[in-house]
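Me: I would like the labels used for this model set against their cut-offs. Please take them one at a time.

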Amino acid sequence: MRATTPSSLTRLLALPSPLRVRTFSVLSRPPPNYPGHIPLTIPERLSLAAGSAIGSLFNPYRHDLIASLGETTAKPYFLSRLHRAMLNNPTGRRILRDRPRITSKSMKLEELRHMPENSVGRAYAAWLDREGVTPDTRDAVRYIDDPEEAYVMQRYRETHDFTHAITGLPVIIEGELAVKAFEFANTLLPMTALSLVAIVRLKKVERQRFFEVYMPWALRNGLKAEEVINVYWEEELETDVEVLRARLGIEKPPDLRDIRKALREQKRKEREAKEAAG
Amino acid sequence: MAALLPRLPKRIRLTPSSPTHWICRTCQQRRAFTPSSTSPQTQQQPPRPNQDEARTTHFGYETISETLKASRVGAVFSSVASNYDTMNDLMSLGIHRIWKDNFVRGLNPGIQGERKEGQRILDIAGGTGDIAQRMLDHATLVNDDKRTHVTISDINPEMLAEGRKRFGNSPYKLAKRVDFLEANAEDLSAIESASIDLYTVAFGIRNFTHKDIALREAFRVLKPGGVFACLEFTPQLSNPVLNGIYKRWSFGAIPLIGQVVAGDRDSYQYLVESIERFPSQGEFRDMIREAGFLIPGRNGIDEEGGRMGMGKGWEDLSLGIAAIHKGVKPV
């Protein structure tokens with residue numbers, strides 16, 4: 001692509017990362033640090049963050065925009081903090097060494113369904129079946145420069161469904177927001193906080209319920225719980241869910257689907273009573 | 001840049017077993033749950049390029065085997081087809097409409113006055129139908145010619161589907177003035193020789209594996225006196241400062257817009273890289289001449305053209321971002 005950089009720039013590039021300024025342009029990107037890596041310039045990162053935020057607010061099914069929002073807002077501090085939290089924990093260190101990936105191949109639903117009653121694996125499979133989703137391969141991390149931090153981000157993304165499984169929160173927007181609030185209190189990633197803007201998309205009743213019940217639950221538990229990123233899920237598949245929750249310090253929130261169903265039933269009865277009377 | 005291992009664009013992905021065999025996401029999920037795909041014996045072998053056919057070509061900045069280029073380009077266009085027109089508006093800030101209008105107006109399709117036969121136009125790589133629409137509108141409204149016929153040809157069925165959607169049940173479709181043909185521009189055997197009055201290709205030829213073969217097919221299907229016209233991006237602008245700004249927009253903003261709007265950064269990265277790989281205006285004019293066309297244009301304006309007894313052969317649009325090349329089949 002482009003020709004050689006002048007020597008003063010080369011000397012700048014030789015400085016350690018915190019001191020180095022981004023000295024490349026879109027026409028001469030440095031080589032990727034891992035397969036799929038795309039180094040972004042600062043204006044590109046800001047534009048992608050803004051574009052992803054607006055895009056995912058209007059279309060919450062664009063999981064790729066939520067992913068890119070997470071990656072572009074996680075640096076400089078937040079992803080490094082999460083990485084350090086993993087390094088400070090022995091299990092976290094093992095995860096970083098082994099780098100396990102959660103894919104539909106590594107998590108075979110058939111095996112998980114036959115795991116002991118009330119185990120994490122069984123709960124995970126049951127949750128996937130109940131919500132009608134698969135352990136789909138998540139979007140690959142592309143915009144984080146350091147390969148290990150990119151793995152931390154990837155791990156966070158892939159274990160999101162496990163958080164759903166052990167708390168029992170559904171995939172509907174209310175449940176997702178509750179999980180995101182919990183993840184914000186637990187991992188401090190900015191994307192989780194930014195995605196709470198989607199509260200504007202909730203109906204009034206849902207919003208009230210969220211602020212009364214689920215957000216306080218999420219923030220309280222996210223703060224007092226252990227770092228969920230440090231859970232080696234592949235080894236915890238046969239652990240009892242209650243035991244794991246107690247170990248991590250997470251209370252089970254009220255079942256959202258049951259509450260909604262009860263509310264729907266109640267409304268239906270009221271409507272029938274009104275029709276019968278009137 | 002570009003991944004060396006399988007990446008996961010929005011709708012298409014490489015199968016885990018064979019890094020060169022592309023299938024769409026629905027097919028992959030369907031395969032993942034069928035028993036045959038999980039047994040190692042029945043797993044499909046990737047289509048390996050023949051050892052003796054080691055010819056390579058460019059796919060953006062990547063170098064790949066020639067046999068694979070068409071399918072990789074196919075994957076790109078299948079992915080971009082549904083947002084194609086929206087993305088064109090965003091990438092060129094709407095200017096592509098002006099280019100296309102200029103292109104069609106310059107060609108002036110349609111014949112005024114009574115004729116036995118209508119003009120036959122072939123629009124190659126015209127999947128979504130925006131050129132064909134302009135051709136028919138110009139012929140009908142400006143030249144009062146209601147017998148012009150356009151065949152829209154594209155190698156990619158998704159792009160052609162967008163074209164069918166555009167024409168729907170419009171008057172042109174009902175009057176049978178528009179036709180759809182799924183074909184590779186390098187092999188137009190479905191079209192008779194010397195049967196086309198006007199052959200157009202807009203923003204398509206840079207994706208062809210063998211441009212020279214496509215040009216020879218164009219020569220074959222055109223009637224003597226028929227016109228070949230090509231609207232395409234140029235690899236460099238003549239002004240270096242403007243070129244710098246333009247390139248930074250191409251390589252910075254366009255893949256980003258692709259990511260945010262279409263969810264597919266890689267296809268748009270391919271598109272801007274393929275522009276870099278296209279021959280310059282003079283080189284492309286020479287390729288057209290080699291296929292047997294006469295090169296129109298004002299003599300003496302282009303010195304080389306004047307010396308060789310031919311015209312300049314192209315006109316630049318928007319300071320050289322795009323160019324229209326024309327050739328005439330000798331009578």
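**Salt bridges and burial**

Reply: A:Arg247 has 47% relative accessibility and counts as partly exposed. The model is predicted.

Me: Why is A:Arg247 called partly exposed?

Reply: Exposed requires over 50% and buried requires under 20%. At 47%, A:Arg247 falls in between, so the label is partly exposed.

Me: What makes A:Glu236 and A:Arg247 a salt bridge?

Reply: The cut-off is 4 Å between a side-chain nitrogen of Lys or Arg and a carboxyl oxygen of Asp or Glu. The N to O distance for A:Glu236 and A:Arg247 is 2.9 Å, within that limit, so the pair qualifies. A:Glu236 lies in the loop between α11 (204–224) and α12 (241–248) of chain A and A:Arg247 in helix α12, so the pair ties together parts that are eleven residues apart in sequence.

Me: How do you know whether A:Glu236 is buried or exposed?

Reply: Its relative accessibility is 13%. Buried means under 20%, so A:Glu236 counts as buried.

Me: What makes A:Glu174 and A:Arg260 a salt bridge?

Reply: Their closest N and O atoms are 3.2 Å apart. The limit is 4 Å, so the pair is a salt bridge. A:Glu174 lies in helix α9 (residues 173–187) and A:Arg260 in helix α13 (residues 256–277) of chain A, so the pair ties together parts that are 86 residues apart in sequence.

Me: Why do A:Glu174 and A:Arg260 get their accessibility labels?

Reply: A:Glu174 has a relative accessible area of 1%, under the 20% cut-off, so A:Glu174 is buried.

Me: What makes B:Arg55 and B:Glu66 a salt bridge?

Reply: The closest N and O atoms of B:Arg55 and B:Glu66 are 3.1 Å apart. That is within 4 Å, so the pair meets the criterion. B:Arg55 sits in the loop between α2 (35–38) and β3 (56–59) of chain B, and B:Glu66 in helix α3 (residues 66–80), eleven residues apart. B:Glu66 is at 14% relative accessibility; buried means under 20%, so B:Glu66 counts as buried.

Me: Which residues do salt bridges with shared partners join into one network?

Reply: A:Glu174, A:Lys203, A:Glu206, A:Arg209 and A:Arg260.

Me: Why is B:Ile98 called exposed?

Reply: Exposed means over 50%, and B:Ile98 is at 54%, so the label applies. B:Ile98 belongs to helix α5 (residues 95–107) of chain B. With B:Leu93, B:Ile95 and B:Trp249, B:Ile98 makes a nonpolar surface patch of about 390 Å².

Technical notes: Residues numbered from 1 in each chain as written. Chains lettered and ligands numbered in written order. Predicted model: local features only at pLDDT ≥ 70, side-chain atom pairs only at ≥ 80, totals over all residues. Heavy atoms only, no water. Patch = residues over 30% accessible without salt bridge, like charges linked within 9 Å, V, L, I, M, F, W, Y side chains within 5 Å. Areas by Shrake-Rupley, 256 points an atom, 1.4 Å probe, with all protein chains shown as cover. Helix = DSSP H or I, 4+ residues; strand = E, 2+ residues; numbered from the N terminus. Buried < 20%, exposed > 50% of the residue type's maximum accessible area, 1.4 Å probe, protein only.
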